[in-house]
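User: I have a protein model open and would like to learn how to read it. Could we go through some features one at a time?

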Amino acid sequence: MRRFAAAFVRRGRAAAAAGSGTATATGAGPGAERGRRRLPPVLVRARPLWAAMPGRNKAAGGGGCPEVPGGQQAAEAGRDAVGRSPHGDEEEERGANLGDPDIVKSPSDPKQYRYIKLQNGLCALLISDLNYLEGAPSALSSEEEEEDGDESEEESDEDDDDSGAEIEDGREGFDDEDCDEGDEGEDDDGDNEDFNDPDDSELEELAEKEETRKRGCTEKQVSALCVAVGSFSDPEDLPGLAHFLEHMVFMGSLKYPDENGFDAFLKKHGGSDNASTDCERTVFQFDVQRKYFKEALDRWAQFFIHPLMIRDAIDREVEAVDSEYQLARPSDANRKEMLFGSLARPGHPMKKFFWGNADTLKHEPKMNNIDTYTRLRDFWQRHYSAHYMTLVVQSKETLDTLEKWVTEIFSEIPNNGLPKPSFGHLTQPFDTPEFHKLYRVVPIRKVHSLSITWALPPQEQYYRVKPLHYISWLVGHEGKGSVLSFLRKKFWALALYGGNGETGFEQNSTYSIFSISVTLTDEGYKHFYEVAHVVFQYVKMLQQRGPDKRIWEEIQKIEANEFHYQEQTDPVDYVESLCENMQLFQKEDFLTGDQLLFEYKPEVIADALNQLSPQRANLVLLSAANEGQCHLKEKWFGTQYSVEDIDKYWSDLWASDFELNQDLHLPEENKYIATDFALKVADCPETEYPVKTLSTQQGCLWYRKDDKFKIPKVLFDTFVNILSHNLGEPAYEADVAQLEYKLVAGEHGLVIRVKGFNHKLPLLFQLIIDYLSDFSFTPAVFEMITEQLKKTYFNILIKPETLAKDVRLLILEHSRWSMIDKYQTLMNGLSIESLSSFVKAFKSQLFVEGLVQGNFTSRVSTDFLNYVVQKLQFAPLAHPCPVQFRVVDLPNTHLLCKVKTLNKGDANSEVTVYYQVTALIKLKECEDSHLGEEVDRNWNEVVTQQYLFDRLAREIEALKSVTKSDLVTWFQAHRSNKKKVLSVHVVGFGKHEGDAEVTAVSEVQNSSSGEIPHLTFLPPSSLMTNITSIKDIKAYTSTLNVLPYHKILK
């Protein structure tokens, strides 16, 4: 698959060790979220996106495998009886797990690392994740496990298979009739990342974190392998061949010939796998239970030793590649990248079509008498060579065991002795007249954005200085004197992203991109040239002042703090990242090269800065308002666009020595950077679970009844978004100093979460409460926020997966405000007076409940709640209100709700099947890997008012009492004729669906942006029998009973 890549690749939050803490308080509305951490490393603001060339090309310092010290060449000198010691078994076990002292790791990292290079040239990083207890490893070897286990293969198959269909009972602490799903409303471009996502509640997010925690449980053994070849190496006459090969190697091997044998093996033993193709790298990864890790490694290695790639499988797998392409087409991020790549010089690989589809891999080769099968095998033999592969394995085995396995299994990968592909000679691919122009583009989503992009020489070699990181930190700043601060005051911009995303598209061996993307308001769209001018004024100011050592060292300190106290990350993501790091960094920097700043070299920073001139920039203006002006169409994704010269007035001005803007300046010293990491002395007896330290009539959960106001959900979204907007500038320095904050308009109140190093955390919390207490807004801010909320609601609704979720929850949740309801309400208009009245009433009567956990004393923890009470001066709630959802009781039948997607240009469909069940026990026996996980579990007990803080321990005990027979009986009961099933189908547009005329994917905006959408219900397929079809949701659900409120307390 093409990789789902974060726009920058960074670490987890540094809040699990000394000097950290978390405070959470509750408050009301629909899952709107803000304050998401916007680290300004390489890209200021993290934004997940589907990238056309997704991958993570880390800054490099000399690719390939570093040389290893004598005695570490695995298959040559080997390792002696590996550290055998006269001090007994304990020392022997430690010797068997002796790590490599040259590899720099975080003091918080308990894992051991060893680097080896096999005789065939493959480089491997071995990671032993043993948990030591009183000096001895607590984990048995897998061989000992197998001896002790002595269970039948049949029984273990049943217990191990946790990789099948997920059951959507996401809200922790709720009965299983309650319904939920993870974060499906993820913005694929990040253009609205600064805006609250009204589709996710606090409970949904906690449930998603729990699922992520289980997936990342350290009981899973993981491995990743990176091949230093990617889509840049595609032959001109077979676009997408590298991506296709990534698919085909999975289709059986000489040793294990079953076509989908590896996937079946992993599924059987609780594992999963994936792969991704980037511009110059292809990455494979998998995870599996420890007992089956060695066999999984052997099966997986056959992809690279002797894959079958049988001719009969080609046509089937081409359809899988084509399906990925079709899913990618409605993404503005992918479309923008394909358009951008088309601007490269002729002959540069960026002009290629990397995805591949049925036309390029099947139909056109047949017409041109190209044998795809032969070319595929030739490509594998030429490019899948051991000497430019890097491997990472992480397991609870000792390093000696892992070295033995890796040497035995992976030494069989062939080395063809040929040099790896190189493209470094193809310099300045975008130094063309076509690049330095204005491109107007019609997006899929409702958004106005301006992207200003420069193509620089490759910056990989400067990873120890990180010049683009330094520049992006300043350009993406949101405090006083920043570009965004100035543009917000003009009501021209909502958000700004600056930097290099470190995907292969943005950074490779031929160039590095530096891009500044501004999310514009309607007014900002009208003044986009002025917006660009402000950006150029700021860049010119940076050029004239030159690099600032104080700021560079401030960034260095923040990153060092985070690395020093880093949390355990998801093992799959971790090994995947490391196997790419090994292609780019020297051995000592494998773990640090993409994170830390090592050397201050102002001349390197200045050289990058000085290349950011207006004359070298490319401008892309995305807006539905461009409809009718864009008569060109990009070949592969059908993006409508136009191209024109920069307006003469502005091009003449930018070519001159234009004046600087005196409102733009460097940020002041950051007062939020923690310096005190000392552990606090406890001032009360230590307890295993949270205890109530303060309780008053005013104490806990900011809550307001839903039925007091006519349209509270939309008003609440608006209120929280304006509050977030007001906090944007004053809270930004805390945000970049690793103090995370978030405001969530939850279903039952306003949730405020702060997290990070405890030293300055109270300052951030007090700042938020101050702005809540003194909440105010201007008519201009109100108009800007409501207009952007319309776009946010619309962008959620046009995705089939999020529309399916909205329809499902509208059926299941009693009195739910659907996304369509909220969008229609907003389109019909809100008044400033209604919002003012809502906020005044909301703040007048509250109940506040909080959880403080981490490096705080009991006395300090009560200060958080006391500050809220003293500052807000509110009255207690007149009546306590339950905070749990009420869910309808489905009938004993199969219900179907089938609707048409709202995006007429989207051919993709979505099917969701929901089973309403009576009980379900989840797998829980997995240690928390960092403070945040434990806090999330405890906070879930608070926010649901159940307070069963030892629920995890109780569930583990309950799980141990469940037999296979119990599970089978339970399952069969819910497959019988008494089952309660709800299917939701969202049907895409296409001729195969009976649509006479299919709208081009770019044309949906103009037809839909001004309309208030409504659901079009479709009849069931003739193949579906014995079902009840829902054609009017509100009418149907009004006939159903509502399940009572309840709490699970034991």
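Predicted model: local features only at pLDDT ≥ 70, side-chain atom pairs only at ≥ 80, totals over all residues.

User: Let us start with sheets. What holds strands together in general, and in which order do the strands of the sheet with β24 to β27 lie?

Analyst: Strands of a sheet pair through backbone hydrogen bonds, and the pairing is either parallel or antiparallel. Here 4 strands make an open sheet, and their order is β25-β26-β24-β27, with mixed pairing. Its edge strands, β25 (910-915) and β27 (1028-1029), each pair on one side only.

User: How many bridges join β24 to β26, and do the two run parallel or antiparallel?

Analyst: Strand β24 (residues 894-900) and strand β26 (residues 981-987) run parallel and are joined by 7 bridges. To find your place in this pair, look for K900, which stands opposite V987 in β26.

User: Which helix lies across that sheet's β24, β25 and β26?

Analyst: Helix α25 (residues 800-812) does, running at about 145° to β26.

User: What are the partners of strand β12?

Analyst: Strand β10 (residues 220-227) pairs with β12 in the antiparallel sense over 8 bridges. Strand β11 (residues 272-277) also runs antiparallel to β12, with 6 bridges between them. A hairpin of 4 residues connects β11 to β12. Q285 in β12 shows both pairings: A224 stands opposite Q285, and N274 has Q285 as its bridge partner.

User: Is β12 mostly covered or uncovered?

Analyst: Strand β12 (residues 282-289) is mostly covered, with 8 of its 8 residues buried.

User: Now single residues. What should I know about the phi angle?

Analyst: Most residues other than glycine have a negative phi. M309 has a positive phi of about 45° although it is not a glycine. Q873 likewise has a positive phi, near 50°, and is a residue other than glycine.

User: Where do M309 and Q873 sit, and is each buried or exposed?

Analyst: M309 is in the loop between α7 (293-305) and α8 (311-328). M309 is buried, with a relative accessible area of 0%. Q873 is in the loop between α28 (858-872) and β24. Its relative accessibility is 63%, so Q873 counts as exposed.

User: What does a buried charged residue look like when it has no salt bridge?

Analyst: Take D548, in the loop between α16 (528-545) and α17 (549-564). D548 is buried and has no salt bridge; R545, the nearest side chain of opposite charge, is 4.2 Å away. The D548 side chain does reach backbone nitrogens: that of R550 at 2.9 Å and that of I551 at 3.1 Å. Leaving out residues up to four places away in sequence, D548 touches Y470, Y600 and L666.

User: And what surrounds T453?

Analyst: T453 lies in strand β15 (residues 448-456) and is buried, at 6% relative accessible area. Beyond four places away in sequence, the residues T453 touches include F340, F435, F514 and R616. The side chains of T453 and S515 are joined by a polar contact of 3.2 Å.

User: How many salt bridges are there in the whole structure?

Analyst: A search of the whole structure finds 34. In one of them, the side chains of K220 and D287 meet at 3.5 Å, N to O. K220 lies in strand β10 and D287 in strand β12, so this pair ties together parts that are 67 residues apart in sequence. K220 is buried, at 16% relative accessible area, and D287 is buried, at 5%.

User: Which residues are linked in a network of salt bridges?

Analyst: R464, D589, E599 and K601 are linked in this way.

Note on methods. Residues numbered from 1 in each chain as written. Heavy atoms only, no water. Pairing = 2+ DSSP bridges. Contact = heavy atoms within 4.5 Å. Axes fitted to C-alpha atoms, helices over the stretch in contact; angles between N-to-C directions. Buried < 20%, exposed > 50% of the residue type's maximum accessible area, 1.4 Å probe, protein only. Lys, Arg positive; Asp, Glu negative; His and termini not counted. Salt bridge = Lys/Arg side-chain N within 4 Å of Asp/Glu carboxyl O. Polar contact = N/O pair within 3.5 Å; in protein donor to acceptor, adjacent residues only side chain to side chain.
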